[in-house]
Amino acid sequence: MKTKLLLVEDEDRLAAVLKTFFEKENFSVETVSDGEDAIFHAESLKPDIILLDWMLPNMSGLEICRQIRSAKDLKKTPIIFLTAKGEEEDKLRGLDTGADDYVTKPFSQMELLARINSLLRRSNPSNLDDQLSYKNTITMNLKTFRVKREGKIVKLNPKEFELLKLFLENPGKVFSRDQLLDKIWGDVNVEARTVDVHIRRLRKNINIKNTKDLIRTVRSSGYSLDIIK
């Protein structure tokens, strides 16, 4: 089942770009550009998540957020503000009004996707069937611990699985070896080159001949899940 996303954005070009992007990521996207339409569609559609622009005609994003939060069936629906307002005071106002997150324009589509998936898992652990995916090329089921690349099952050891999970949750974000040691190995005393060994094995297991290498090495910095455009 597709995740229902309500996009409230009056900038037509941005709305079209985001709609195309999220539909490719298996979302069902409804777009509106007006405050009253936003409230109507939120109440009728019962979306899984709402992306809400701050500056809108007729009604501000803050007021829309307040009214959505006052509706019984929408109290727990995750809301992310999309706005050019980057001051901390504005961010706090948005969060105090009931928003769950705040993304400042311009933003990375992949970062926005990661934040959405994080909120969906937090608001409903059964959402997305506990599955992480990236560009329909690799999927990870967090219940069965199965990983598939291009539809074929990939066998990973526990540390490789945790590394891939971290990358899938943060596409494009670069993690240093020390950060990976801390997040994956915790307090266990292991050498930094252990990370390199596991990354090498992970690459070997998830890569397919004549396809893009998903794990990117960032010289002198670390590793990341490469962005596929």
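**Exercise 1. Identify which residues of α2 meet which residues of α3, then describe how the two helices pack.**

Step 1. List the contact, meaning heavy atoms within 4.5 Å. From α2 come Gly 35, Ala 38, Ile 39 and Ala 42. Ile 64, Gln 67 and Ile 68 in α3 meet them. Helices here are DSSP runs of H or I with at least four residues, strands are runs of E with at least two, and both are numbered from the N terminus.

Step 2. Sort by class. The contact of α2 with α3 has 5 nonpolar, 2 polar and no charged residues. Ala, Val, Leu, Ile, Met, Phe, Trp, Tyr, Cys and Pro count as nonpolar; Asp, Glu, Lys and Arg count as charged; the others, Gly among them, count as polar.

Step 3. Helix α2 spans residues 35-45 and helix α3 residues 61-70; their axes lie 10 Å apart, at an angle of about 20 degrees. That makes α2 roughly parallel to α3. Angles under 35 degrees count as roughly parallel, over 145 as roughly antiparallel, 65 to 115 as roughly perpendicular and the rest as oblique. Axes are lines fitted to C-alpha atoms, for helices over the stretch in contact, and angles run from 0 to 180 degrees between N-to-C directions.

A note on the model: it is predicted, local features need pLDDT of at least 70, side-chain atom pairs count only at pLDDT 80 or more, and totals for chains, interfaces and linings use all residues. Residues are numbered from 1 along each chain as its sequence is written, and side-chain values use heavy atoms, with hydrogens and water left out.

**Exercise 2. Describe the antiparallel sheet and its helix.**

Step 1. Read the order. The 4 strands of this open sheet follow β6-β7-β8-β9.

Step 2. Find the edges. β6 (131-134) and β9 (152-154) each have a single partner strand, so one side of each is left without a neighbour in the sheet.

Step 3. Check one pair. Strand β8 (residues 146-149) is joined to β9 by 3 bridges. Val 147 stands opposite Val 154 in β9.

Step 4. Helix α6 (residues 158-169) lies across β6, β7 (138-141) and β8, at about 115 degrees to β7.

**Exercise 3. Locate the salt bridge between Lys 105 and Asp 53.**

Step 1. Apply the criterion: a side-chain nitrogen of Lys or Arg within 4 Å of a carboxyl oxygen of Asp or Glu. The structure holds 13 salt bridges. For Lys 105 and Asp 53, the N to O distance is 3.3 Å.

Step 2. Lys 105 is in the loop between β5 (101-104) and α5 (109-123); Asp 53 is in strand β3 (residues 49-53). The two are 52 residues apart, and the pair links distant parts of the chain.

Technical notes: Pairing = 2+ DSSP bridges.
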